[in-house]
Amino acid sequence: MSFSSKTPAEDEYFGFDFTLRLATGETISSASFAIAIAVGADAGVASMLSGSAVIDAAIVKQLVIDGVAGVTYRVTATVVTSAGQTLV
C-alpha cells in the first residue's frame, strides 16, 4: 500500500482498513503504529508518530507529523482482534 506524499509542514492521519481481514463480528481490540525509514536519513523519525492510534470500526489511523523532505518512510500498523488474531 502506498500513501500520497506528505511535506514536513503537514500533520496528516495515515490509516489502514482491516475490513477484509476480519471475520463477521470480529472487532479490533487494540492498535499500534510504527514508522521507519525506507530511503534516506532522518534522526527524528521516532518522534513522527503523534498521540495514540485511533480505532474506528475496522479502520485504524495515526497522526504523522514532521519528517524530512526527500526521505521515504514505511508506516506499519499492528492490530489485535477480539478473536485473538494479530494482524500487520
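I began with the strands and found β1 and β4 paired in the antiparallel sense over 6 bridges, where strands are DSSP runs of E of at least two residues, numbered from the N terminus, and two strands pair if DSSP finds at least two bridges between them. Within β4, I noted Gln62 as the bridge partner of Phe14.

I kept in mind that this is a predicted model, in which local features need pLDDT of at least 70, side-chain atom pairs count only at pLDDT 80 or more, and totals for chains, interfaces and linings use all residues. Residues are numbered from 1 along each chain as its sequence is written, and side-chain values use heavy atoms, with hydrogens and water left out.

I then looked up strand β3 (residues 49-56), which is joined to β4 by 5 bridges and runs antiparallel to it; Ser50 has Leu63 as its bridge partner in β4. In the hairpin of β3 and β4, with 2 residues between the strands, I saw that Ala57 takes a positive phi near 60°.

Next I turned to Glu26, which sits in the loop between β1 and β2.

Last, I listed what Phe18 touches (heavy atoms within 4.5 Å): leaving out residues up to four places away in sequence, the list is Ile28, Ala58, Val60, Ala77, Val79, Leu87 and Val88.

Technical notes
Helices (H or I, at least four residues) and strands (E, at least two) are DSSP runs, numbered from the N terminus.
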